[in-house]
Amino acid sequence: MKDEQTPPLTLPPPQALSSLIGHHTPMDDPAVQEGAGDDRQEAERVVRKVAFYSLIVNTALVLVKLYLAGIAGSLALGADAVHSSLDVLASLALLAGIYLSSRKSREFPYGLYKVENIVAVIIALLVFFTAWEIAAEALTGEGTATPFSGWVLIAVAALVTVPYLLGTYEVRMGRDYHSPSLIADGRQHRVDVLSTSVVFFALLARYFGLPIDHAAAVVIAGFIAYSGWDILKDSMRTLLDASIDHATRDAIRSAVLADPMVIGIRNLTARNSGRYIFVEAVVAMKPTDLAGADLASGRIQDRIRRLVPNVERVVIHPEPAERSHIRYAVPLIDLDGTISPHFGEAPYFALLDIGVKEGRLERKEILPNPARDLERQKGIRAAEMLLEQKPDIVYSQQPLAGKSAEYVFESAQVRTKITDATTLADLIAGIEEEVRADQRE
C-alpha cells in the first residue's frame, strides 16, 4: 500500500505546540493507568444510573397506562401499555448488557463490549414489533366504547412528554459516554412519543365521536419501523467490525501524521466495539533505534487518546522507511538568505529538501517565524513550529540558547549542527557536496 505522505510544506498556526514533544507520559505509567481506570469506572457508573432511571420510568408508565386503559376501556391505550412493558424488558436488557460489556476473562480477552450492540439489535427488533403492533391496532382495533371523563385525555396528553424527555436525556448521556445501547434505548423512547400521541388522538376522536386516527397510525408505524432500521443498521455495522466514521478516522490519521518521526501511514484500521474504539496502524518512520520507535509510538498513542474519546486500545507497528531526501532547517535574517546567528529571534526559517541519491536541492521553502515576537520561550516555540515540518537536521551558527529547544529536537531525534556559512547559498553548496561524498563512500 502506498504511504500517506506528510502534507506539503505549509506554515502552521502560531500556537504552542508543546504537546508534540517533551510532555509524553507513557501509557504504561501506573498513574496514567489509574486515571484512565477512574474515568472508565465513572462512565460505567453514569451509564448504569441512566439505565436504572429508564427502568423506573418505564415501569411507572406501564402502571399508569394500564390504570387509564381500565377507566377508558381503550384497546389502543391497553396496547400502548403493552408497548411500555416491552420498554421495561428493554431496560432490563440494557442494564444486563452494560454490566456484561465491562467484563473480561481469558475466554474474552478483548472484553464483552459488543454485548451492548447485541442489546441495541434486540431493542431495534422490539421497535419493529411495536410498529407492527400499532399498524395492526390501527387497521383492526375498535376499542370499547366506554364513556370517560376529560381528565383522562389530560392525563394521556401529559404522558406524551414523559418518553420524549426521558429519550432526549438518554440519547444525550449515551453520546457523552459513547454507549450505543443507551442511545438506542433513548431513540426508542422518543419514538414512543408518536405511539402515545396516536393513542391521545384516538381517545380525542372517540370523545367527539370522530374515529379518524387509523390512517395516521399506519403512517406513524412506518416512521417507527424506519427508526428501528436506523438502530439495527448502526449496531450491525459494529457487530460486523465495520470501520469507524470518517471524521473520527481522519482525527486519528492526523494524530499519527503529527508526530515528527512519522513519514507516512501504510495502513490504518479502527473499529467500534460497544462504546469503545480499537485502533491499529502500520506507520513508516524515520530510521531510528528500537527505543526511539517505542518513544514515538507512545507519543502517538497518547495523542490519539487525547483527541478521540473512549479509545480502548491503540497498537502502533513502526516500520523503517527509505528517505528520498533529507530535510534541513536554517534560521535566516532576511529573504535574501543571510543566515541568522540567533535561532529563536530569526525572522525566517528556510526548509531545504536535498535528494539522497543525486545530492541536489529538490525544494526550498521560506517560512516566517511566528515565535520571534514572543517575550519568552522564543527558542522552544520556534523549535516546536519547525517540528511540524519534520526536519532531519537543524543548522545554526551558534549553539542553541538554553536547553529547551535543544531538548525538543533531541526528543524528536532531530540532529542539530553548527555551520560557519553566512549565506544560504553557501550552506546548500556545502550540504550537497557532503551528501554526494556520503554516496560515493
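1. Ala-270 is buried, because its relative accessible area is 7%, under the 20% cut-off for that class. The residue belongs to strand β2. Please note that the model is a predicted one.

2. Where does Ala-270 stand relative to Arg-313? The two are separated by 43 residues in sequence, and their C-alpha atoms lie 9.9 Å apart in space. Both residues are in contact with Val-279. Beyond its neighbours within four places in sequence, Val-279 also touches Ile-252, Leu-268, Thr-269, Val-311, Val-314 and Val-315.

3. Val-279 is also one of the residues with the most contacts inside the largest nonpolar core, which has 23 residues. Ile-252, Val-256, Val-283, Ile-300, Ile-304 and Val-311 are listed with it. The elements that give two or more residues to this core are helices α7 (246–257) and α8 (290–307), together with strands β2 (262–273), β3 (276–285) and β4 (311–320). The largest share, five residues, is supplied by β3. In soluble globular proteins, nonpolar side chains tend to be buried together.

4. Which residues of α7 are buried? They are Thr-248, Ile-252, Arg-253, Ala-255, Val-256 and Leu-257. Of these, Ile-252 and Val-256 were named above for their contacts in the largest core.

5. On the surface, a nonpolar patch is formed by Phe-52, Tyr-53 and Ile-56, with about 300 Å² of accessible area together. Tyr-53 is located in helix α1, which covers residues 30–72. Is Tyr-53 buried or partly exposed? It is partly exposed, because its relative accessible area is 38%, and that class lies between 20% and 50%.

6. Some totals complete the note. The protein chain has 11 helices and nine strands. Of its 441 residues, 47% are buried. The chain exposes about 21,800 Å², of which carbon and sulfur atoms supply 59%. Among contacts with a separation of 6 or more, 71% are between residues 24 or more positions apart.

Conventions: Residues numbered from 1 in each chain as written. Predicted model: local features only at pLDDT ≥ 70, side-chain atom pairs only at ≥ 80, totals over all residues. Heavy atoms only, no water. Helix = DSSP H or I, 4+ residues; strand = E, 2+ residues; numbered from the N terminus. Buried < 20%, exposed > 50% of the residue type's maximum accessible area, 1.4 Å probe, protein only. Contact = heavy atoms within 4.5 Å. Areas by Shrake-Rupley, 256 points an atom, 1.4 Å probe, with all protein chains shown as cover. Core = buried A, V, L, I, M, F, W, Y, C linked by side-chain atoms within 4.5 Å. Patch = residues over 30% accessible without salt bridge, like charges linked within 9 Å, V, L, I, M, F, W, Y side chains within 5 Å. Salt bridge = Lys/Arg side-chain N within 4 Å of Asp/Glu carboxyl O.
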